[in-house]
Amino acid sequence: IDRFWLAYDSVTKIKDIQKQTEVLQKMYIDKGTIGLKAFMEERQFKASDLVEQINAFPKFWNTVRPRTLLVKTKIHEMQQSIDNLKKQYPDLKESAMYFTIGALKSGGTVQANKVLIGSEIALGDQSVDVTEFSDNWLRDIFAFADDDRLVALNVHEYIHTQQNVDERKSNLLSNVIAEGACDFVAELITKKPYKANYLDYYPKHELEIWSVFNNQMYGLAKSDWLGTGGNPNLPCSDLGYAVGYTICKHFYENAKNKPLAIKQIIEGQWDDATFSSTFLDNSGYLDYLKKRGFEPSKAENIEGYKVENDRIKFVFKSQPNIVSFGNNGMVIYKASDFENIKNVNIAGDFNGWNKESEAYKMKRISTDVFELELPITEILKKGERKYFKFVINGQNWVEPQFKTTNKGSADGGSTNLFVIN
């Protein structure tokens, strides 16, 4: 952290971006620990990306600087928390901790037995100026942050080093429990409430959010629930953490053998869908929800298409927020921006994900609606499921709305819409 700020002071005195990048590379990255190298590898950024962030958000960096220097004052507390974790979970494997500045990519992640902290996010609080950002992601995180957050976050990431989870192979339920387990154990070990925006929001809207989650939890798509960033389609960021935390809390509170429960939470076989489902059943959380009035919803919120006899009609309509991603990053089209959408294509399994195919170019039938009608046999056979996305102006891939039920992923990657026959 000290090395970064020395480099920062030099970089901000230079106008030429190429020279800024060279200085940052030499003063910060080349001299960095294996932890910094691991963080860059896991979160996929390089010196030029960090320079871009420095130049774009000067108010943020100037105000977060004193916060990042608090790390040294928390070393004793962090060590105590790990010692306490070892007492509660004797099988704990030792890991190393690295505190970095990570180009706003993450507050924390892991690589093998290395805990990797992005200190500019992990230590931010309401004193940090986030007015330069176009979304509310950091604002929402910092709203619940205090000086104790770093200790809890460190335990959270330390638990991840004990887990063995392949996120791309595990279903949504498994992934949210694996993340929520880290939040819950961190709270248990530090003996302080784990503070996060999603843990504030979820209990107030529990039945509503669970109803949506219940329809998706056995699929692979997770972009609406984990690592959601500033997606305005969502009522709150990272709600999957809250769902997983709540399941683990019920599991622990209903367990007769508390030490065994901690062991089971940490060592969960989250790559095994049957294990995750059984863990949920054993937690007692479903019984609790039913007592509160939860009933599985049979209602379907189909987005993107209609089937009429032997024809399929794809429909793309104006929404309060249409979130899309492309080489130009996240682009949000509000209802008032819909006229700026000049063309919409459909790309999916059925056309090799070709975003420029003339055969799948939609027609504008009104100010706020695009449509394309095709024989359903061109898309899929009886009993098949095909994934697709809408593509705006040839470059931006559209994310489904939050309460849509026909969305998922074949490989755990991007969340797509799907059509079935």
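**Reading the rings, cores and strands of a predicted model**

Modeller: Leu69 is placed in the loop between α5 (58-68) and α6 (75-88); helices (H or I, at least four residues) and strands (E, at least two) are DSSP runs, numbered from the N terminus. This is a predicted model, in which local features need pLDDT of at least 70 and side-chain atom pairs count only at pLDDT 80 or more, while totals for chains, interfaces and linings use all residues. Residues are numbered from 1 along each chain as its sequence is written, and side-chain values use heavy atoms, with hydrogens and water left out.

Colleague: Why is Leu69 called partly exposed?

Modeller: Buried means under 20% relative accessible area, exposed over 50%, and partly exposed in between (1.4 Å probe, protein chains only). Leu69 has a relative accessible area of 42%, so the term is partly exposed.

Colleague: Which residues is Leu69 in contact with, leaving aside its neighbours within four places in sequence?

Modeller: Contact means heavy atoms within 4.5 Å. On that basis Leu69 is in contact with Ile1, Asp2 and Trp5.

Colleague: What makes Trp5 and Tyr8 an edge-to-face pair?

Modeller: Rings of Phe, Tyr and Trp (its six-membered ring) pair if their centres lie within 6.5 Å; planes under 30 degrees apart count as stacked, over 60 as edge-to-face and the rest as tilted. The whole structure holds 33 aromatic pairs. For Trp5 and Tyr8 the values are 5.0 Å centre to centre and 75° between the planes, so the pair is edge-to-face. Both residues lie in helix α1 (residues 2-11), 3 residues apart, about one turn of the helix, and both are buried.

Colleague: Why is the pair of Phe251 and Phe279 called stacked?

Modeller: Their ring centres are 4.1 Å apart and their planes stand at 20°, so this pair is stacked. Phe251 belongs to helix α13 (residues 239-254) and Phe279 to helix α15 (residues 273-283), so the pair ties together parts that are 28 residues apart in sequence. Phe251 and Phe279 are both buried.

Colleague: How do you know that a charge sits over the ring of Tyr252?

Modeller: The rule asks that NZ of Lys or CZ of Arg be within 6 Å of the ring centre and within 35 degrees of the ring normal. The charged end of Lys258 is 4.9 Å from the centre of the Tyr252 ring and sits over that ring. Likewise, Arg385 lies over the face of Phe418, at 3.8 Å from the ring centre.

Colleague: What makes a set of residues a nonpolar core?

Modeller: Such a core is a set of buried Ala, Val, Leu, Ile, Met, Phe, Trp, Tyr and Cys residues joined through side-chain atoms within 4.5 Å. The largest one has 64 residues, and Tyr198 and Trp210 are among those with the most contacts inside it. Helix α10 (residues 172-190) gives the most to this core, with 11 residues. A second, separate core of 33 residues includes Trp5, Val11, Leu36 and Leu116.

Colleague: How do you know that β6 and β7 pair?

Modeller: Two strands pair if DSSP finds at least two bridges between them. Strand β6 (residues 321-326) and strand β7 (residues 329-334) are joined by 6 bridges and run antiparallel. They form a hairpin with 2 residues between them.

Colleague: Why do β4 and β9 count as edge strands?

Modeller: The open sheet has 4 strands in the order β4-β5-β10-β9, with antiparallel pairing. β4 (305-308) and β9 (363-366) each have a single partner strand, so one side of each is left without a neighbour in the sheet. β9 pairs with strand β10 (residues 369-375) over 3 bridges.
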